[in-house]
Amino acid sequence: MNKLIKLCIVISAVLLLSGAHTIRHKAVDTVHQFHEQNNSCSAVMIEPEIALTARHCMDMVSPVLTIDGIDYPVTEGFGNPALDLAIIIIPSAPCPCAVPAPKLVEEGDVVIAIGYPYGVGKVVTYGEFQGWVMIDGVLYGMTTAPARPGNSGGGVFNSKGELIGILTMADPTGYLTFFVSIEPLLKTQVK
C-alpha cells in the first residue's frame, strides 16, 4: 500500500474516533445516579430540573440525583402506569440535557447504553439494536448493549448521542437489554 493511502486511512480513523468520543461524551454527561442508601438506579436529564428514569425505580423513599458530586433531592415523580417509565422533578438540578432522537432506531443500528450498574460508577456499553419485542403486552426495544442491576433508568442513545429510550431490564446473563422508547413522550410533548 502506498504512503498516501496509508495516511488517508490513519486520518480517517482519527477523525472517526474523535467524532465518536465527542458524541459519547455528550450522552455520558446527561446520565446520573438516582439513589438512596442501599438502592441505586440511573436517570437521564431531559430539561433543567427534569429527568427520566424507570418506573420501577420509584420505590425509593428519599432519593437523590447525584450530578458532579452534588446530591439533588428528588421532590416528585410521575410513573407511567402502562410503561416502565417515569419523570422525576429535581429542583435546581442542572443540565447538560439529553437531546431526543428525531426518529426511531432500525434493526442493526449501533446503540449506546449508559447507567450505574450496582451503583458503583457510570458505565458505557455498546451494542446493536435487535428490534422491537412485545413482553407482557408492552413494546420494548431490544439491544445487545450489556446492562446490570442499577442501569435501570439509564439512557439508550443512538450513534449520534441522541436519546432513544430508557433502560428497564436485562435477561439474567445481561447479554440482552430492554428499553422503553421515549417516542410516546415526544408525541404527547410531555416535559
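Biologist: What makes strand 10 mostly covered?

Modeller: This is a predicted model. Strand 10 spans residues 138-143, and five of its six residues are buried. Buried means under 20% relative accessible area.

Biologist: Which residue takes a positive phi in the hairpin of strand 9 and strand 10?

Modeller: D136 does, with a phi near 50°. Two residues lie between the strands of this hairpin.

Biologist: Why is strand 13 called a partner of strand 10?

Modeller: Three bridges join strand 10 to strand 13 (residues 177-181). The cut-off is at least two, so they pair. They run antiparallel. T143 has T177 in strand 13 as its bridge partner.

Biologist: What is the strand order in the open sheet of seven strands?

Modeller: The order is 5-4-1-2-3-7-6, and the pairing is antiparallel.

Biologist: Why are strand 5 and strand 6 said to stand at the edges?

Modeller: Strand 5 (70-73) and strand 6 (76-79) each have a single partner strand, so one side of each lacks a neighbour in the sheet. Neighbouring strands of this sheet are turned by 35° against each other on average, direction ignored.

Biologist: How do you know that strand 4 and strand 5 pair?

Modeller: Strand 4 (residues 64-67) and strand 5 share four bridges, and at least two are needed, so they pair. The sense is antiparallel. I67 has I70 of strand 5 as its bridge partner.

Notes: Residues numbered from 1 in each chain as written. Predicted model: local features only at pLDDT ≥ 70, side-chain atom pairs only at ≥ 80, totals over all residues. Heavy atoms only, no water. Axes fitted to C-alpha atoms, helices over the stretch in contact; angles between N-to-C directions. Buried < 20%, exposed > 50% of the residue type's maximum accessible area, 1.4 Å probe, protein only.
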